[in-house]
Amino acid sequence: MAEPQDVEDWEVACRRAAAGEVAAQTYVGQALCESGEPAQIAHGRQLLELAVKAGDPDAFSHLGLSLVMYPAGPKDVERARSLFEQGARRGSHWCLYNLGVMHQQGAGVPADMGQALAFWARAAK
């Protein structure tokens, strides 16, 4: 889905997400999570959950990130890792990148720079 350029485009994206268009659910869900507002994050996660259920690889990355970067409650590093692993199996380069970051930082996994580099190399392909 192309990035909305103005309010009218945003409204169209929201309507498409509400109508069940997976790419729009992923886009709008990500944007809402990045807003930082707890109610928006909650709604964004709902949309991302729908996109994950539909199998959108990018949705796995965005939902995982929302659980560790924009928590509306406690961080859920374990679920984020699980989402990144599932998305990586579906071909998401962003999920591979995020798994590399987790290994670099020792977030939910043992810190292992070799593993981090391996994930990043796979992501770059």
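Reply: A definition comes first: an axis here is a line fitted to C-alpha atoms, for helices over the stretch in contact, and angles run from 0 to 180 degrees between N-to-C directions. The model is predicted.

Now the pocket. The largest pocket holds about 210 Å³ of space. Its lining consists of Leu65, Val68, Met69, Lys75, Val77, Phe84, Asn98, Val101, Met102, Gln105 and Ala107. Sorted by class, that lining has 8 nonpolar, 2 polar and 1 charged residues. The most comes from α6, with 4 residues.

Take α6 next. Helix α6 (residues 93-105) packs with helix α7 (residues 113-124): their axes come within 8 Å and cross at roughly 165 degrees. Angles over 145 degrees count as roughly antiparallel, so α6 is roughly antiparallel to α7. The crossing of α6 past α7 is left-handed. On the α6 side, the contact uses His93, Leu96, Tyr97, Leu99, Gly100, Val101, His103 and Gln104. On the α7 side, Met113, Gln115, Ala116, Phe119, Trp120, Arg122 and Ala123 take part. The contact of α6 with α7 divides into 9 nonpolar, 5 polar and 1 charged residues. Val101 belongs to this contact and also lines the largest pocket.

Now the other two helices of the lining. The axes of α4 and α5 come within 8 Å and cross at roughly 165 degrees. That angle makes α4 roughly antiparallel to α5. Here too the crossing is left-handed, with α4 passing α5. From α4, the contact takes Pro57, Phe60, Ser61, Leu63, Gly64, Leu65, Leu67 and Val68. From α5 come Val77, Arg79, Ala80, Leu83, Phe84, Gln86 and Gly87. By class, the contact of α4 with α5 has 10 nonpolar, 4 polar and 1 charged residues. Among its members, Leu65, Val68, Val77 and Phe84 are also found in the lining of the largest pocket.

One more helix pair, for context. Helix α2 (residues 22-34) and helix α3 (residues 38-53) have axes that come within 7 Å and cross at roughly 155 degrees. That makes α2 roughly antiparallel to α3. The crossing of α2 past α3 is left-handed. Among the contact residues are Val22, Val28 and Leu32 of α2, and Ile41, Leu47 and Leu48 of α3. The class count for the contact of α2 with α3 is 9 nonpolar, 7 polar and 1 charged residues.

Note on methods: Residues are numbered from 1 along each chain as its sequence is written. This is a predicted model: local features need pLDDT of at least 70, side-chain atom pairs count only at pLDDT 80 or more; totals for chains, interfaces and linings use all residues. Side-chain values use heavy atoms; hydrogens and water are left out. Angles under 35 degrees count as roughly parallel, over 145 as roughly antiparallel, 65 to 115 as roughly perpendicular and the rest as oblique. A crossing is left-handed if the near helix is turned anticlockwise from the far one by less than a right angle, and right-handed if clockwise. Contact means heavy atoms within 4.5 Å. Ala, Val, Leu, Ile, Met, Phe, Trp, Tyr, Cys and Pro count as nonpolar, Asp, Glu, Lys and Arg as charged, and the others, Gly among them, as polar. On a 1 Å grid over the protein atoms alone, a cavity is a set of points where a 1.4 Å probe fits but cannot get out, and a pocket is an open set with protein on both sides within 12 Å along at least five of seven lines; lining residues have an atom within 4 Å of a point. Grid points are joined across faces, edges and corners, and a volume is the space filled by probe spheres set on the points.
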